[in-house]
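The sequence and the structure come before the details.

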Amino acid sequence: MKAHCDVLIQGAGIAGLTLAIALEQRGYKVKLVERADGLTEVGAGIWMAANPMQVFSQLGFAEKIIEAGWAVKVLRLQDWKYGNIQTTNMSRIAEQYGFETIALHRGVLQRLLFEQLEAESVRFGCEVKSVTQTGDQVLASLSDGSSCAAAILVGADGFNSHMRLMAGLGGVKRYSGSSSYRAIARGAHLLPAEAEHEAYEIWAKGCRVGFSKINPADYYWYMTFDAPAGEASSASEIRTHAERLFRTYFPQWIGLLENTRTQDILRTDISDMKPLPRWSSGRIGLIGDAAHATTPNLGQGGAMAVEDALVLADAFKKRGLNEAAWKHFEHVRRKKVDWTVSTSWFIGKICHLGNPLFRTLRNIALKKTPDRITQKQVRRIYSLDPTSDNDLGEPIQWR
């Protein structure tokens, strides 16, 4: 049986769901397919900064995100030995851009996005198996034996995108040299009442830890550390290693681990993707991590996906469901995305410095960063105005 729609989307993550919402609001018929059997609560936390919150506001449900999460009003960057390096007042950012950063469980965010869609728009346990472009449409064969004809096919299927391969767009992954643990500490009591809306990231030798509350009872925390790519660890080995790092460098925050179930700690290598020459091929294109996977050091992976969704939906509305819209989308998004990927990679390198002298010099440089430089960085990250990209400068070159 062949179905018809305006836009077929592969992937029901943050990028795909947000795009589907934006397209439905603009009157398009959307079908979204997801290989998983349903939404899942597996995962950890995510920070939605002022830029994606502005998108959610334009789509009409920012207040639901705020109610489901926890506002981060202050971000404290610290050195494990010497204390504060930088303090960022997120409420000041809210004065400029309307929102503080909202921390919440990734599964909660995904559920909220799903609830904004027509129920029949999403099909779980299904994925695109093959595609053929003919004239003004894309014909997709699906894994359930059906097919779908659409004007546009969007790959929103993440870092390991199958759609990227089907479209012949390539993709070279790069391992950062660091792996990570992510988890939820349930019922933890760590910060005093006056500091409960603060988030922390503490840098140490070859590792770091970061955390914030995501609701009145629970904390999201992550730990990164230098490690070989693809290193396998059992659940007990992960906990033992995390405990050693906590006790060595972050003993004040050992309560994060003590309130976390061993089976809930996720290990993920930290990688990104070399910028693709192009994000689309004909009527097939990519958004989010499928197009421009980044390391998490700026906390902007999900944010970039949300921004993509709004810009692409507007491009289709202005240019039509065609190749020209894909080219316009990439033209608008490319500079900010490339800057974000390269800057995040650079931050990942400086936060794990092993040499104590270099760490000291780094800390001094960060403490003495002029406010005008900080404000320029804030504008680069949080502004949705594409003209603000004009002062981004060239991204750091790949090595």
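In this predicted model, the side chains of arginine 334 and aspartate 338 meet in a salt bridge, with 3.6 Å from N to O. A salt bridge here is a side-chain nitrogen of Lys or Arg within 4 Å of a carboxyl oxygen of Asp or Glu. Both residues lie in helix H11, 4 residues apart, which is about one turn of the helix. Helices (H or I, at least four residues) and strands (E, at least two) are DSSP runs, numbered from the N terminus. Arginine 334 is buried at a relative accessible area of 16%, and aspartate 338 is also counted as buried, at 18%. Buried stands for under 20% relative accessible area, exposed for over 50%, and partly exposed for what lies in between (1.4 Å probe, protein chains only).

Residues are numbered from 1 along each chain as its sequence is written. Local features need pLDDT of at least 70 and side-chain atom pairs count only at pLDDT 80 or more, while totals for chains, interfaces and linings use all residues; side-chain values use heavy atoms, with hydrogens and water left out.

The whole structure holds 18 salt bridges. The table gives three of these pairs.

| Pair | N to O distance |
|---|---|
| Arginine 334 and aspartate 338 | 3.6 Å |
| Aspartate 272 and arginine 174 | 3.8 Å |
| Lysine 213 and glutamate 196 | 3.2 Å |

Aspartate 272 and arginine 174 form a salt bridge between their side chains. Aspartate 272 belongs to strand E16 (residues 266-273) and arginine 174 to strand E12 (residues 173-186), so the pair ties together parts 98 residues apart in sequence. The relative accessibility of aspartate 272 is 0%, and it counts as buried.

Lysine 213 and glutamate 196 form a salt bridge in which the closest N and O atoms are 3.2 Å apart. This pair links distant parts of the chain, with lysine 213 in strand E14 (residues 207-213) and glutamate 196 in the loop between E12 and strand E13 (198-204), 17 residues apart. Lysine 213 is buried, with a relative accessible area of 3%, whereas glutamate 196 counts as partly exposed at 24%. Elsewhere, a network of salt bridges links Glu307, Asp308, Arg333 and Lys336.

Helix H11 also contains threonine 340. Its relative accessible area is 4%, so threonine 340 is buried. Leaving aside residues up to four places away in sequence, threonine 340 touches Thr294, Leu298, Gln300 and Met304; contact means heavy atoms within 4.5 Å.

What covers the buried residues of H13? The cover includes H2, helix H4 (90-97), helix H10 (301-319) and helix H11 (323-351). The buried residues themselves are Gln375, Val378, Arg380, Ile381 and Tyr382. Helix H13 (residues 371-382) has 12 residues, which should span 16 Å at 1.5 Å a residue; its end C-alpha atoms are 16 Å apart, in agreement. The expected span is 1.5 Å times one less than the number of residues.

An open sheet is formed by 3 strands in the order E3-E7-E4, with antiparallel pairing. Its edge strands are E3 (45-48) and E4 (70-72), each of which pairs on one side only. Neighbouring strands of this sheet are turned by 30° against each other on average, direction ignored. Helix H2 (residues 50-59) packs on the sheet and touches E3 and E7, its direction making about 75° with that of E3. Axes are lines fitted to C-alpha atoms, for helices over the stretch in contact, and angles run from 0 to 180 degrees between N-to-C directions. E4 and strand E7 (residues 101-105) run antiparallel and are joined by 3 bridges; strands pair if DSSP finds at least two bridges between them. Alanine 71 has isoleucine 102 in E7 as its bridge partner.

Strand E1 (residues 2-10) runs parallel to E2, joined by 4 bridges. Leucine 8 has lysine 31 in E2 as its bridge partner. In strand E2 (residues 30-34), 5 of the 5 residues are buried, so the strand is largely enclosed by the rest of the structure. Val30, Leu32 and Glu34 point one way from E2, and Lys31 and Val33 the other way.

The chain has 13 helices and 18 strands. Its radius of gyration is 21 Å, close to the 21 Å from the globule rule for 399 residues, so the chain is as compact as a globular protein of that length. The radius is taken over C-alpha atoms, and the rule is 2.2 Å times the number of residues to the power 0.38. The C-alpha trace spans about 65 × 45 × 40 Å along its principal axes. Of the 399 residues, 54% count as buried.
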